[in-house]
Amino acid sequence: MNCPYCAAATTKKRAKKTKLGYATFFCSQCQHSFNERTGTPFNYLAFPTDIVLLVVL
Ligand SMILES: [Zn+2]
């Protein structure tokens, strides 16, 4: 999966999954973490959805 931040293909799948079971990835190029959700507002955040919801709530 290509990095949504820098479009590098050098991303690694992480063992950690989000609360909803989405796979997470880490880009060794720009040090960003992201997940497989595309087209959602959460896609551009560096934090897991559960953390974002905690902050929002
Ligand atoms: Zn990147």
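Analyst: A donor is here an N, O or S atom within 2.8 Å of the metal, and water is not among the atoms, so a site may look incomplete. With that cut-off, the donors of the zinc ion follow the spacing C-x2-C-x20-C-x2-C along the chain. The model is a predicted one, and the values below are computed from its atoms.

The protein donors are the SG atoms of Cys3, Cys6, Cys27 and Cys30, lying 2.3 Å from the zinc ion. What arrangement do the 4 donor atoms form around the zinc ion? The angles that they subtend run from 106 to 113°. Four donors count as tetrahedral if all angles lie between 85 and 135 degrees, and the arrangement is therefore tetrahedral. For reference, the ideal angle for four tetrahedral donors is 109.5 degrees.

Cys30, by contrast, has a relative accessible area of 25% and is partly exposed. The cut-offs behind these words are under 20% for buried and over 50% for exposed, with partly exposed in between.

The site belongs to a protein of 57 residues, of which 26% count as buried. Its secondary structure comprises 1 helix and 3 strands, and the order along the sequence is β-β-β-α. Among contacts between residues at least 6 apart in sequence, 29% join residues at least 24 apart. The protein exposes about 4,100 Å², and carbon and sulfur atoms supply 61% of that area.

The helix, H1, spans residues 49-56 and contains Ile51. Is Ile51 buried, partly exposed or exposed? Its relative accessibility is 37%, so Ile51 counts as partly exposed. Together with Leu54 and Val55, Ile51 makes a nonpolar surface patch of about 320 Å².

In summary, the zinc ion has the SG atoms of Cys3, Cys6, Cys27 and Cys30 as its protein donors, in a tetrahedral arrangement.

Terms used: Residues numbered from 1 in each chain as written. Predicted model: local features only at pLDDT ≥ 70, side-chain atom pairs only at ≥ 80, totals over all residues. Heavy atoms only, no water. Patch = residues over 30% accessible without salt bridge, like charges linked within 9 Å, V, L, I, M, F, W, Y side chains within 5 Å. Areas by Shrake-Rupley, 256 points an atom, 1.4 Å probe, with all protein chains shown as cover. Salt bridge = Lys/Arg side-chain N within 4 Å of Asp/Glu carboxyl O. Helix = DSSP H or I, 4+ residues; strand = E, 2+ residues; numbered from the N terminus. Buried < 20%, exposed > 50% of the residue type's maximum accessible area, 1.4 Å probe, protein only. Donors = N, O, S within 2.8 Å, 3.2 Å for Na, K, Ca; no water. Tetrahedral: all angles 85-135°; square planar, octahedral: opposite > 155°, others 65-115°. Contact = heavy atoms within 4.5 Å.
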